[in-house]
Amino acid sequence: MRFLFLSVFFLILGCNSTPNRDDYAKHVNTMGKAFHGENKLAFSFTQSEGIDLRGIHNRDDSTSSTPILYQGGAGLVGMFAQIGAHAAFINSSRNAKLAEEQERADSKISPLINLISGVSIFSLLDRTDSLFVKNNDVDNETLRLKPIFFSNEKMNQVILKLIAWLPDERGRTKNLRYQNMIQVFSPILSEDEHALFIDKDNDDVKRMMARQLNTAIHILQGDLTGRYTGLNEPQNTFTILRNNRSKVVRGSVVDNRCGFQVVQDLHSWYIAFPTETPVQQVTLSSPEQC
Amino acid sequence: MLNFRHSVKCLFIVITTLILAACGSTPQPLVEIESNVFTKPETSVGYVYILPEEKATTHIYGASCLLCYGVASSLTSKLDTHLEGTIDQQELNNISALVLEEYSIRTSNIKEVTLAVPISKLSKFKGELGFAKKDFRALKDSLGVDILVVLELHRHGAYRSFSSYVPNGDPQGYIAGLLYAVDLNSNAYIQYLELDEKVQPEGEWDEPTTFPSVTTSYYQAVENIKNRIRNAI
């Protein structure tokens, strides 16, 4: 009985994990609280020059509960085979549902995607540009960065997710020495600002994305150099507007910078969101000012 | 002998039909708050808040056989331990405080009351939809109020759906309960709002021992419930 119980347990555990999402990163830090001096930091983007922009989609991948009758006459092995097939079917349905949602969301923001096609991710960098190394110079001490921008259906908000990781000393990604995610939320644009935002001229979009990317890199530097350790601020619930709905962030404030409040959440991710600063000042000012 | 068998068969069919008919009664739909009820300043309102009996845990649905439920419980045991250890009733108390605060905007004549007997022990009330299933009228004199507002939170923690042995979704942040107000003269609902909030965690959920995604989705569920209450009162 115990054997049966454990076998079913492991089978289901193996067959039915959460579908893989590339905009998610579990926090890892095996290097200690401050493992880099600021001058030693080196970054590299993992993607080609283009900007990865996606639609915000529904994350609920739960499928409907389909009643199933297992065939009892097939014996123990047959029983496991049936449960395995059932689990594989559900897993595949969940993946398909997520992919479909992402595709639908992307098609809704296609004007924005077209607007930034051909824009180089490097063109968004300000003074952090000097920290980036060329592809040939990337070594095992270079932090890999993967920025993904998301926009809502109305295209009046952009959210950056920056995933950063450091491979082990041999360059392998199986046992990372560091991994974290920084999210930077833009304010919700007013109708007038939105009209400018999706205008043929992509300057406003670029400016907003640049501001978000450089803020995220600054926060990452802060984490890597131990600036946020030992603050011990109390945990609170913060609400941010995302896709015109309230999103909850549970964590502690670690920084206030250039109109952004930075919170370290339960994942140890850093979430930066606009404070009460007027939208005009946050979105359209030059990134060099901060 | 044949008649006896026939009678037993008929009796069985009648009992089964009655049981099924009782199970399939129409659920009470939403009753939006009647604002004119609170216009008279002499109308006194009592407020009672009922906490869930269980600690925060994972609520399993769809694991329809005994062995399925055993497998489902073992799959969620680490999450149960985390939820029980880290999520207390503070957020639920905050929801309760919000209800009182929102009702206080409608009427200044509101006070918290304590029930001498649990609501489940009140006698039944046979009324149509729009009336409470328990007879609250007896509380009018004992509590000295005209309207009783009840916030009952039944379940909190996480919700996970299964199809027999197999989970068909991630554990979601979860709060379920009821918010209703009863006119103690007529036993009619002045407000009836079912609270059932499930929030999908973002990304990977299975990160023991702290389960940050599921924990965050629980706090998101709390916030969503608060927003629903703000809009409803």
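Visitor: Before we look at the interior, what is meant by a nonpolar core?

Guide: A nonpolar core is a set of buried Ala, Val, Leu, Ile, Met, Phe, Trp, Tyr and Cys residues joined through side-chain atoms within 4.5 Å. In soluble globular proteins, nonpolar side chains tend to be buried together. The structure above is a predicted model, and in this model the largest nonpolar core has 45 residues, with A:Phe43, A:Leu145, A:Phe149 and A:Leu213 having the most contacts inside it.

Visitor: Which elements give two or more residues to this core?

Guide: They are β2 (43-45), α3 (110-116), β4 (143-151), β5 (158-166), β6 (178-185), α5 (203-224), β9 (260-265) and β10 (270-274) of chain A. The element that gives the most is α5(A), with ten residues.

Visitor: With what is A:Phe43 in contact, leaving aside its neighbours within four places in sequence?

Guide: Its partners include A:Leu131, A:Phe132 and A:Val133, together with A:Leu143 and A:Leu145, and also A:Ile217, A:Leu220 and A:Leu224. The list also holds A:Thr142 and A:Gln221. Apart from this, there is a second, separate core of 37 residues, which includes B:Leu98, B:Ala158, B:Ala221 and B:Ile233.

Visitor: How many helices and strands does chain A have, and what percentage of its residues is buried?

Guide: Chain A has six helices and ten strands, and buried residues make up 51% of its 290 residues. Among contacts in chain A between residues at least 6 apart in sequence, 71% join residues at least 24 apart. The accessible surface of the chain comes to about 14100 Å², and carbon and sulfur atoms account for 50% of that surface.

Visitor: How should I read a strand pair, and which strand is joined to β7 of chain A by seven bridges?

Guide: Two strands pair if at least two bridges are found between them. Here strand β7 (residues 236-242) and strand β8 (residues 245-257) of chain A run antiparallel and are joined by seven bridges; within this pair, A:Phe238 has A:Val249 as its bridge partner in β8(A). The two strands form a hairpin with two residues between them, and A:Asn243 in the turn has a positive phi of about 55°.

Visitor: Turning to charged side chains, how many salt bridges does a search of the whole structure find?

Guide: Side chains of opposite charge can pair when their charged atoms come close. The search finds 16 salt bridges over all chains. In one of them, A:Lys108 pairs with A:Glu153, the closest N and O atoms being 3.8 Å apart. A:Lys108 lies in helix α2 (residues 75-108) of chain A and A:Glu153 in the loop between β4 and β5 of chain A, so this pair ties together parts that are 45 residues apart in sequence. A:Lys108 counts as partly exposed, at 39% relative accessibility.

Visitor: Is A:Arg177 buried or exposed, and with which residue does its side chain meet in a salt bridge?

Guide: A:Arg177 counts as buried, at 5% relative accessibility, and its side chain meets that of A:Glu141 in a salt bridge of 3.1 Å, N to O. This pair links distant parts of the chain, since A:Arg177 is in the loop between β5 and β6 of chain A and A:Glu141 in the loop between α3 and β4 of chain A, 36 residues apart. A:Glu141 is partly exposed, with a relative accessible area of 35%.

Visitor: With which residue does A:Arg172 form a salt bridge?

Guide: A:Arg172 forms a salt bridge with A:Asp168, where the closest N and O atoms are 3.0 Å apart. A:Arg172 is partly exposed at 43% relative accessibility, whereas A:Asp168 is buried at 6%. Elsewhere, a network of salt bridges links A:Asp22, A:Asp52, A:Arg54 and A:Lys146.

Visitor: Finally, what does the side chain of A:Ser151 reach, and what does A:Ile163 contact?

Guide: A:Ser151 lies in strand β4 of chain A and is buried at 0% relative accessibility; its side chain reaches the backbone oxygen of A:Gln157 at 3.0 Å. Not counting residues up to four places away in sequence, A:Ser151 touches residues including A:Leu53, A:Arg54, A:Ile109 and A:Leu112. A:Ile163 lies in strand β5 of chain A and is buried, with a relative accessible area of 3%. Leaving aside its neighbours within four places in sequence, A:Ile163 has contacts that include A:Asp22, A:Tyr24, A:Leu145, A:Lys146 and A:Met181.

Methods: Residues numbered from 1 in each chain as written. Chains lettered and ligands numbered in written order. Predicted model: local features only at pLDDT ≥ 70, side-chain atom pairs only at ≥ 80, totals over all residues. Heavy atoms only, no water. Helix = DSSP H or I, 4+ residues; strand = E, 2+ residues; numbered from the N terminus. Buried < 20%, exposed > 50% of the residue type's maximum accessible area, 1.4 Å probe, protein only. Contact = heavy atoms within 4.5 Å. Salt bridge = Lys/Arg side-chain N within 4 Å of Asp/Glu carboxyl O. Areas by Shrake-Rupley, 256 points an atom, 1.4 Å probe, with all protein chains shown as cover. Polar contact = N/O pair within 3.5 Å; in protein donor to acceptor, adjacent residues only side chain to side chain.
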